[in-house]
Amino acid sequence: MRQLAKRLDMLDARLDNMDSIVTSLVERVMGRPLVMEVSCPNCGQTIQVNITSGVRLRGKE
């Protein structure tokens with residue numbers, strides 16, 4: 001039983017670390033404008049889509 005509890009604690013710690021990394025990455029991406037370029041399948045013209053955000057993400061409270 002102790003070994004199972006220890007493994008669950010290790011898994012919980014790993015998930016917390018992954019959550020922190022993903023949150024940090026999203027905050028960096030959301031802080032800068034993102035430009036997406038798509039080619040039209042019919043005419044071949046390049047279409048640019050600018051994505052920006054004014055929303056700040058909150059960490060765990």
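View 1. A search of the whole structure finds 0 disulfides, a disulfide being a pair of cysteine sulfur atoms within 2.5 Å. Cys 40 is accordingly in no disulfide, and its nearest cysteine sulfur, that of Cys 43, is 3.6 Å away. Seen from Cys 43, the sulfur of Cys 40 is too far for a bond because the two are separated by 3.6 Å. Cys 43 counts as exposed at 55% relative accessibility, where exposed means over 50% relative accessible area, buried under 20% and partly exposed in between, with a 1.4 Å probe and protein chains only. This is a predicted model, in which local features need pLDDT of at least 70 and side-chain atom pairs count only at pLDDT 80 or more, while totals for chains, interfaces and linings use all residues. Residues are numbered from 1 along each chain as its sequence is written, and side-chain values use heavy atoms, with hydrogens and water left out.

View 2. Strand E1 (residues 34-39) and strand E2 (residues 46-51) run antiparallel and are joined by 6 bridges; strands pair if DSSP finds at least two bridges between them. Val 35 stands opposite Asn 50 in E2, and Glu 37 stands opposite Gln 48 in E2. The hairpin leaves 6 residues between E1 and E2, and in this turn Gly 44 has a positive phi of about 80°.

View 3. With a relative accessible area of 46%, Leu 15 is partly exposed. Together with Met 1, Leu 4, Leu 8, Leu 11 and Met 18, Leu 15 forms a nonpolar patch on the surface, with about 690 Å² of accessible area. Patches are made of residues with over 30% relative accessible area and no salt bridge, nonpolar side chains (Val, Leu, Ile, Met, Phe, Trp, Tyr) being joined within 5 Å and like charges within 9 Å; a salt bridge is a side-chain nitrogen of Lys or Arg within 4 Å of a carboxyl oxygen of Asp or Glu.

**View 4. The whole chain.** The chain has 1 helix and 2 strands, which follow the pattern α-β-β along the sequence. Buried residues make up 0% of its 61 residues. The chain exposes about 6100 Å², of which carbon and sulfur atoms supply 56%, with areas from the Shrake-Rupley method with a 1.4 Å probe and, for residues, only the protein chains shown counting as cover.

Note on methods: Helices (H or I, at least four residues) and strands (E, at least two) are DSSP runs, numbered from the N terminus.
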